[in-house]
Amino acid sequence: MGIEIRTRRASDATEPLVLLDAHAKAPLFRQLYDSLRHAIIAGRLRPGARLPAARTLGADLHLSRNTVDQAYDQLHAEGYLDRHPRRGTFVSRTTPDQVLQAAPPPPVDRPRLYAAESAPSRRMLSSRGRAIAEIVLPAGVNALTLPRPFRPGVPALDAFPIQLWARLSARHWRRASRRHLAYGHSAGYQPLRDAIAQQVSAARGVRCTAEQVIIVGGSQQALALATRLLLERGDQVWMEEPGYVGARAAFIASGASVIAVPVDDQGLDVEAGEQLAPTARMAFVTPSHQHPLGVVMTVARRLALLDWARRADAWILEDDYDSEIRYHGRPLPAMQGLDDDGRVIYLGTFSKTVFPALRLGYVIVPRPLVEAFSTGRLIVDRHSSVVEQAVLADFIAEGHYARHLRRMRALYVERQEALLDALAPFHELIDVPATRSGLNVLAWLPPGVDDRRVAAAAAAIGIEAPPLSPFAQHALPRGALILNFSGHDVEALRSAAKKLGTVLAESVGRAHEQRALGA
Ligand SMILES: Cc1ncc(COP(=O)(O)O)c(C=O)c1O
């Protein structure tokens with residue numbers, strides 16, 4: 001099949017395959033390339049069509065053979081032309097544009113794709129990928145909406161000193177040196193590591209040097225690193241029951257076998273843990289303020305846990321997520337300070353004390369683990385933003401952090417009181433003990449009332465009051481709602497409490513009726 005070629009001098013009206021303009025800025029080889037490519041895409045040069053030899057085409061167009069070769073080479077390199085040594089040059093049967101313009105993939109049928117027994121998931125996801133895809137996160141954890149009352153775990157974002165933060169950031173950007181723009185160290189920005197080491201030893205009795213402090217993207221990343229570095233698939237892990245869903249998800253994702261160890265009014269029941277899984281490899285605890293029950297782990301239990309870890313050669317992950325937000329007296333120092341055996345890995349976060357979107361936290365590891373955690377962080381995402389780390393380091397070192405915490409404690413006392421007062425009229429429906437620390441209270445429902453149902457009814461009218469049950473692997477003796485008070489002003493809390501009261505009256509009333517009918 002021949003190829004019809006014209007230049008600007010051509011006089012008839014049909015569109016030529018090749019248009020060359022000797023006065024145009026673009027070089028002639030580029031004009032030839034554009035014309036041929038355009039003709040291929042438009043279908044005027046059909047797949048499989050044979051092109052003239054470079055010398056012939058050059059002669060027809062008054063171009064050098066080299067110019068034609070250059071255009072052919074480029075089209076060949078991009079996949080528009082095929083070249084066969086003795087047969088010549090042809091339009092490719094599959095052009096790059098056909099590939100690029102392929103129809104978008106059909107919408108993903110999520111349940112089929114991820115269901116454990118479906119064939120596609122077996123091929124598409126690793127066994128670890130399947131375990132992750134099957135994790136069901138509680139409502140609100142990955143929400144796109146701004147937090148509404150009473151979404152748990154949210155600090156007072158309305159009271160955060162944004163102007164001050166902006167000033168500290170501007171100062172760093174103004175004098176941003178190459179140090180802030182180049183890759184940083186995966187263990188973190190040194191002045192921030194220094195500031196944290198000082199802060200946790202003074203405030204939490206943690207014994208460490210700055211070298212043991214590894215900066216992470218929030219404690220969730222510390223959990224991911226710890227499970228990846230310290231657990232084999234199938235290893236048993238003691239998990240508080242009920243306990244922090246973020247930790248349980250990280251253990252499941254790593255292929256660990258999660259052992260639910262009950263929490264009583266002294267914290268994790270170490271004896272029960274020893275009976276259930278004496279040779280577990282790790283225990284996860286929130287000793288200073290158990291999440292979600294709020295219990296403080298007694299010294300006797302802490303010592304028992306350390307003793308078990310020594311005997312079992314196990315790790316203890318101590319998540320000290322909100323101990324700096326307390327309203328009465330001094331909390332017990334961190335367990336890490338009692339550990340003489342290098343068993344405790346201490347997790348801290350700025351999500352509650354500064355703001356959660358900052359994604360900065362730290363893990364304090366026994367000295368022999370420093371390199372492994374530092375390299376582990378490097379291969380995941382190298383490190384957190386250096387400027388953000390530098391701003392946070394200043395925020396702490398210049399006393400703003402301590403001042404902000406003092407202000408927040410006073411504000412949270414006020415907000416908690418307002419919430420408890422607003423819920424007082426419903427005391428026959430819920431029992432809401434005050435908390436001495438943290439950002440949430442628990443509203444206990446009457447025995448036999450399903451907390452998931454009540455939470456769903458609240459969600460239907462825009463109130464986020466998550467149920468306690470999903471934090472446990474087994475049925476709990478009594479249901480409760482988790483209510484945050486720190487993240488919303490007094491007016492918003494009062495109004496939401498009123499609406500919650502209406503939902504409670506209806507839901508609890510209905511549960512009682514059903515029980516009466518069933519009895
Ligand atoms: C027990 C516990 N640990 C840690 C965190 C904070 O996680 P991150 O530092 O990843 O924001 C939370 C947040 O709700 C929590 O409840």
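Met-239 stands opposite Ala-260 in strand S6. Start there, and keep in mind that this is a predicted model. The pairing involves strand S5, residues 236-241, and strand S6, residues 257-264. These two strands run parallel and share 6 bridges.

Now follow S6 onward. A hairpin of 2 residues connects S6 to S7. Strand S7 covers residues 267-268. Here the sense is antiparallel, and 2 bridges hold the pairing of S6 with S7. Within this pair, Val-263 faces Leu-268 of S7 as its opposite residue.

Turn next to the ligand. Which residues surround it? Gly-218, Ser-219 and Gln-220 are among them, as are Tyr-244, His-291, Asp-319 and Tyr-321. Thr-349, Ser-351, Lys-352 and Arg-359 also belong to the surrounding set. Sorted by class, this shell holds 6 polar, 3 charged and 2 nonpolar residues.

Several of these residues place polar atoms by ligand oxygens. For Ser-219, a backbone N or O atom lies 2.7 Å from an oxygen atom of the ligand. Gln-220 also uses a backbone N or O atom, at 3.0 Å from a ligand oxygen. Arg-359 uses its side chain: a polar atom there lies 2.9 Å from an oxygen atom of the ligand. On its own, the ligand has 400 Å² of accessible area, and the protein covers 89% of that.

Note on methods:
Residues are numbered from 1 along each chain as its sequence is written. This is a predicted model: local features need pLDDT of at least 70, side-chain atom pairs count only at pLDDT 80 or more; totals for chains, interfaces and linings use all residues. Side-chain values use heavy atoms; hydrogens and water are left out. A residue is near a molecule or strand if one of its heavy atoms lies within 4 Å of it. A polar contact is a pair of N or O atoms within 3.5 Å; within protein, one must be able to donate a hydrogen and the other to accept it, and residues adjacent in sequence count only if both atoms are side-chain atoms. Accessible areas come from the Shrake-Rupley method with a 1.4 Å probe; for residues, only the protein chains shown count as cover. Ala, Val, Leu, Ile, Met, Phe, Trp, Tyr, Cys and Pro count as nonpolar, Asp, Glu, Lys and Arg as charged, and the others, Gly among them, as polar. Two strands pair if DSSP finds at least two bridges between them. Helices (H or I, at least four residues) and strands (E, at least two) are DSSP runs, numbered from the N terminus.
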